[in-house]
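Please keep the sequence and the coordinates at hand while reading.

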Amino acid sequence: MDDALAFSGLVLALSGQLVQEIHTGVSQQGFEDLRPAHGFAFAHISVGGATTADLAEHLGVTKQAAAQLVEELVRKGYVERHPHPHDARARLLGLTEIGWAATRAADRAARAAVAPWQEALGEERFSELVADLTLLAPPGPIRPAW
């Protein structure tokens with residue numbers, strides 16, 4: 001067996017499952033109008049200091065696509081724009097209270113989604129897996145809950 005290919009396939013499968021379970025959990029908590037892409041945007045915006053251009057880079061989309069996503073989230077009441085203190089052309093993005101509520105719903109859904117994995121591996125092995133993945137994960141705007 002080729003461990004590199006097995007690892008790639010397993011991580012992708014788990015990632016897809018995790019995204020879908022978080023999305024389902026968020027929807028079940030009353031946020032039916034959100035898509036998984038919104039969650040990736042929320043994770044970046046929640047760190048603070050994000051502009052639409054930053055969000056485009058984070059999501060790997062064009063600035064125009066990010067602007068459309070931001071406009072949708074503003075219209076739905078999840079995100080608000082604030083003046084940028086150093087760039088009159090840019091706007092800082094921030095989550096509204098409902099945006100933070102959706103983020104908390106995603107956190108709860110994420111905990112529920114990984115609970116079976118914690119149970120299957122046991123607390124010690126699961127903690128070791130988290131430590132190992134922390135070494136491998138790229139740096140970025142991750143909102144740790146700890």
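Contact is taken here to mean heavy atoms within 4.5 Å. Among contacts in the chain between residues at least 6 apart in sequence, 51% join residues at least 24 apart. The model is a predicted one, in which local features need pLDDT of at least 70 and side-chain atom pairs count only at pLDDT 80 or more, while totals for chains, interfaces and linings use all residues. Residues are numbered from 1 along each chain as its sequence is written, and side-chain values use heavy atoms, with hydrogens and water left out.

The C-alpha trace spans about 55 × 30 × 25 Å along its principal axes.

A residue is called buried under 20% relative accessible area, exposed over 50%, and partly exposed in between (1.4 Å probe, protein chains only). Of the 146 residues, 25% count as buried.

The interior is considered next. A nonpolar core is a set of buried Ala, Val, Leu, Ile, Met, Phe, Trp, Tyr and Cys residues joined through side-chain atoms within 4.5 Å. The largest such core has 17 residues, and those with the most contacts inside it are Leu 34, Phe 42, Leu 73, Tyr 78 and Val 79. Helix 2 (36-45), helix 4 (63-75), strand 2 (91-95) and helix 5 (97-121) each supply at least two residues of this core. Leaving aside neighbours within four places in sequence, Phe 42 has contacts that include Leu 34, Leu 73, Tyr 78, Val 79 and Leu 95.

How many aromatic pairs are there? Rings of Phe, Tyr and Trp (its six-membered ring) pair if their centres lie within 6.5 Å; planes under 30 degrees apart count as stacked, over 60 as edge-to-face and the rest as tilted. By this rule the count is two. The rings of Phe 31 and Tyr 78 have centres 6.3 Å apart and planes at 55°, so this pair is tilted. Phe 31 lies in the loop between helix 1 (3-28) and helix 2, and Tyr 78 in the loop between helix 4 and strand 1 (79-83), so the pair ties together parts that are 47 residues apart in sequence. Phe 31 is buried, at a relative accessible area of 10%, and Tyr 78 is buried at 2%. The rings of Phe 42 and Tyr 78 are also tilted, because their centres are 5.7 Å apart and their planes at 45°. This pair links Phe 42 in helix 2 with Tyr 78, 36 residues apart. Phe 31, Phe 42 and Tyr 78 form one aromatic cluster.

Gln 20, in helix 1, is partly exposed at 44% relative accessible area. Gly 49, in the loop between helix 2 and helix 3 (52-59), is partly exposed at 47%. Not counting residues up to four places away in sequence, Gly 49 touches Asp 54 and Leu 92.

Key
Helices (H or I, at least four residues) and strands (E, at least two) are DSSP runs, numbered from the N terminus.
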